[in-house]
Amino acid sequence: MPIFEAQNLHKRFGDQVVLEDISLSFEANRLAGIMGPNGAGKTTCFNVLTGRYKPDRGRVRFQGKDITGWPPRSIARLGIARSFQTMSLFDEYTALENVLIAVPEVRALGFHGLRDLGAESQSIDKASEVLRRVGLAGLEYKPASSLPYGQRRALEIAIALAAEPKLLFLDEPTSGLGSDATARLADLIRAIRQDLTIVVIEHDMRFLFGLADTISVIHWGQVIAQGTPEELRANKWVQASNLGALA
Amino acid sequence: MDRLGARLRAWVTGPMLLSLAVFGTLPLWIEQIGLYQYLGVEIIIWVIFALAVNLLLGYTGLPPFGHGAFLGIGAYAFGLTQFNVIDNLWISLIGAVVVTGAIGGVTALFLSHRRGIYFALMTIAFAQIFFFIASKWSNVTGGEDGLLNIARLPADFGVAAFDLSSNIELYYFCFAVYTVLVVLLWRLVHSPFGKVVRAIKQNESRVSFVGYNVYLYKWVVFTLSCAISGLAGALFAMAQEGAYIQIMSLQWSGIVILMILIGGGFVSFWGPVLGVGLYFIARDILGAYTEAWLLWFGLMFVILVMFKPEGLAGIWQDLTRRFEARGPRKRVNLGTVLRR
Amino acid sequence: MIDFAYGLLPHILNGLALGLLFALLALGFMLIINVMEVINLAHGSLFGLGAYMALVFLAPDGGLPFEFMEPFYALPVAPRYVIALIFGPLAVAGVGMGLELCLRRTYGMDPLYGLLLTFGAAMVLEELIREIWGPAEYFLPIPRGISGGFIFGDLIYSTYRIYAAVFSIGMIGLLWLFLEKTPYGAIIKAGAHDSEMVRALGYNLRRLRLYVFGFGAALAAIAGIIMAPIWGVRPHVGIDAVIPAFVVVVMGGVGSFWGAVSAGVMVGMVVALTAAFLTEWSLLSMYLLLLLVVTLRPRGFAGRASVLER
């Protein structure tokens with residue numbers, strides 16, 4: 001059974017239908033990609049899947065549980081984390097603090113008004129470890145606002161990772177990155193994909209085709225193609241629509 | 001030994017001890033500089049109120065423009081408890097805190113889903129509504145005349161009792177309240193709860209996506225801020241020996257916002273303290289030369305928002321940072337980071 | 001029952017006049033929001049300042065002690081009133097533009113700072129008014145022709161309210177014509193949605209913002225002058241003016257001209273009819289309305305999250 005399923009999602013804004021009868025499913029421990037031109041509805045789709053918007057019709061299920069319309073915080077607590085395309089960091093906080101807030105043990109301490117967070121060595125170690133995995137070791141005490149773009153991108157993903165999710169949604173993670181950084185990001189994703197289900201929205205087809213087990217193509221608010229990268233290369237829609245050439 | 005030091009530093013800091021020293025000795029020197037004892041009482045009560053408001057403004061990033069209403073509610077609740085329940089100091093203080101906290105909690109139900117302009121204007125609306133109730137419900141509140149003859153009840157600890165009728169005695173009681181509060185509040189803003197709240201200020205949406213119930217956190221901060229404001233209001237009722245509606249006006253609510261930003265509440269726990277001090281300096285010292293002192297205070301606020309929203313504490317931090325840059329490199333570790 | 005409804009007519013007129021003034025005030029507020037994405041909390045103080053500017057022209061005792069104005073004050077009220085209606089708003093427009101210049105510093109920052117700046121500006125303006133004119137409430141002299149009342153069908157109507165309503169309709173109409181039919185209006189409307197395009201067309205966006213702010217301030221001042229005989233001229237009228245402006249914009253929708261007008265009339269009706277039955281509650285009704293409107297309003301969803309959401 002797929003770990004995550006969306007069935008017949010329908011979403012409109014005003015009189016514009018953005019998602020029309022979209023069904024997707026993601027298998028556990030696989031990396032799935034979502035692709036499509038701008039304005040196709042993939043961002044909206046992502047937002048519906050992660051709880052930012054409620055679908056007008058349709059159901060979303062995680063591990064069999066119906067999570068349609070659940071608020072983001074409840075979805076997060078089930079073990080689903082996401083990163084954002086337009087970076088969503090805590091700019092006044094250091095890299096360590098950014099990540100620390102997502103650690104489940106810290107989240108459990110949430111309403112504790114008297115404890116000293118500095119004494120929570122286990123959580124701090126976990127946070128430092130996540131920073132190391134994304135390549136930010138040594139930058140723990142740098143304010144997030146002072147980091148260059150590439151490192152901010154890494155931090156963006158680190159926050160999602162720190163929550164120890166079962167399912168990780170990445171929203172255009174290569175956005176604005178040069179080829180070196182993109183390659184490093186691909187390595188990172190390969191390193192973490194072991195016990196994790198990952199769903200990636202991407203523009204960069206080379207990146208996605210190199211990593212994904214299956215890819216869904218969304219255009220005009222609908223899923224117009226679905227399959228492995230090989231199958232999609234042969235797909236006439238993918239070839240016809242201006243999604244770029246593959247090396 | 002270092003562990004003990006670290007644990008101690010989590011609760012008490014240099015600036016805190018300095019403030020305790022300054023406020024603790026205030027009655028001894030305030031008259032030497034040409035001021036008067038009652039001013040000390042006013043200052044310390046406003047410091048408590050400003051610290052409570054800064055929980056919302058500086059730490060959560062929510063602008064409460066009508067919080068003076070809760071100061072007034074606390075004052076009235078204190079007086080009413082004293083008159084109608086029992087004239088015991090502790091019961092009356094608890095009454096003030098509980099009533100103001102409860103009303104704050106109900107208000108917060110409307111506010112916890114908002115921020116920015118909606119939040120600000122709703123706090124104004126509530127303040128005006130409370131002001132209206134206080135001025136019309138004359139049977140209970142005394143209306144325009146206020147609730148008179150509120151007594152400075154003695155502080156009875158069982159083993160010893162302290163009369164609080166003189167300004168100096170009342171001041172020290174307020175100072176004791178300040179001491180307890182400042183230690184607890186410092187710990188609170190540096191605790192996990194405080195960290196989440198400060199994260200909400202920076203990026204409310206992300207905090208929600210990480211799994212926190214942001215609305216609940218905002219509700220708790222607002223209610224807590226109201227409860228502490230109620231306590232300040234009770235002390236104020238004792239100071240004035242009455243509860244009046246003037247304190248609930250929007251002007252006073254606005255003045256505390258000016259105080260907080262000017263002092264540097266956005267970047268420092270002690271910003272509100274500095275701001276309150278500066279306000280009273282402006283009022284009593286500048287005020288001796290010109291009637292327009294509040295205008296100057298307001299202009300200072302506007303200029304600081306434009307050029308240095310970090311306020312006086314921010315300017316101080318810049319100076320000390322420059323000083324440190326020349327001196328030996330300070331070790332940046334987790335402790336220093338978590339205690340900002 | 002008919003008598004009751006009939007007896008309401010003067011109050012309905014009052015509500016209409018008040019509502020149209022609220023609409024005018026809100027339209028200025030809305031223009032500023034649309035073009036600059038700034039919630040101008042000082043809008044109410046500019047409204048109040050307008051009334052005080054009018055005072056300078058109309059009331060020698062309440063105005064400034066400018067001896068050289070003596071011959072001016074010798075003129076009858078009516079021409080001075082017209083002059084006040086022209087130069088008062090111009091002066092306030094200047095103040096508004098000054099405020100916009102100050103706000104420029106906060107454009108890149110967290111929106112909270114812009115909010116605090118206009119809040120501070122509101123306080124400064126009100127203190128300034130208090131310093132110059134004192135805390136007492138003033139009475140604004142108006143030409144005989146538009147004051148007093150008249151009897152129509154057994155009921156007494158206030159002449160001034162009719163004048164206020166007609167004047168507001170005229171101003172709203174002029175504003176609509178300006179926005180719809182003139183190139184400047186088109187630029188302003190474009191500036192709301194597409195600052196890139198405006199810049200690409202060669203218009204100076206910064207200058208546009210400056211003028212729109214001044215224009216919005218002038219509208220507030222005009223509303224303030226017309227409202228003065230109804231609400232009185234006092235320093236802290238500012239907040240009582242910002243609240244209806246905000247309620248109207250939220251009810252009518254940011255960016256909707258006729259939405260603002262209809263919402264304005266609705267709010268005016270609520271306030272006036274409350275005044276008819278529960279006089280003391282009339283101002284309070286505005287605050288209750290704010291709570292109601294904000295609590296019940298649909299949450300912003302993506303695509304067009306308004307600046308109010310930030």
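Predicted model: local features only at pLDDT ≥ 70, side-chain atom pairs only at ≥ 80, totals over all residues.
1. Four strands of chain A form an open sheet. Their order is S2-S1-S4-S5, and the pairing is antiparallel. Strand S2 (16–26) and strand S5 (65–66) of chain A stand at the edges. Each has a single partner strand, so one side of each is left without a neighbour in the sheet.

2. **Pairing of S1 and S2.** Strand S1 of chain A covers residues 4–13. S1 pairs with S2(A) in the antiparallel sense, over seven bridges.

3. Helix H1 of chain A spans residues 42–49. H1 lies across S1, S2 and strand S4 (57–62) of chain A. Relative to S2(A), H1 runs at about 60 degrees.

4. **Two domains in chain A.** Domain 1 of chain A is made of 1–79 + 165–247, and domain 2 of 90–163. Taken over C-alpha atoms, the domain centres are 26 Å apart. The contact takes 12 residues from domain 1 of chain A and 10 residues from domain 2 of chain A.

5. **The domain 1 side of that contact.** Strand S7 (167–171) and helix H7 (179–192) of chain A each supply at least two residues to the side of domain 1 that touches domain 2. H7(A) gives the most, with five residues. By class, this side of domain 1 of chain A has 10 nonpolar residues, one polar and one charged.

6. **Chain A against chain B.** Here 31 residues of chain A are in contact with 24 residues of chain B. On the chain A side, helix H2 (72–77) and helix H4 (104–108) each supply at least two residues. The largest share, four residues, comes from H2(A). The chain A side divides into 16 nonpolar, six polar and nine charged residues.

7. **A helix pair in chain C.** Which way does H2(C) run relative to H10(C)? The axes of helix H2 (residues 9–36) and helix H10 (residues 205–231) of chain C cross at roughly 165 degrees and come within 8 Å. That makes H2(C) roughly antiparallel to H10(C). The crossing is left-handed.

8. **What the chain C helices bring together.** H2(C) contributes residues including Leu21(C), Gly28(C), Phe29(C) and Met36(C). From H10(C) come, among them, Arg209(C), Phe213(C), Gly216(C) and Met227(C). The residues of the contact of H2(C) with H10(C) divide into 19 nonpolar, two polar and one charged.

Conventions
Residues numbered from 1 in each chain as written. Chains lettered and ligands numbered in written order. Contact = placed C-beta atoms within 7 Å. Nonpolar A, V, L, I, M, F, W, Y, C, P; charged D, E, K, R; others polar. Pairing = 2+ DSSP bridges. Axes fitted to C-alpha atoms, helices over the stretch in contact; angles between N-to-C directions. Domains from an automatic or database assignment. Parallel < 35°, antiparallel > 145°, perpendicular 65-115°, else oblique. Left-handed = near helix turned anticlockwise from the far one by under 90°.
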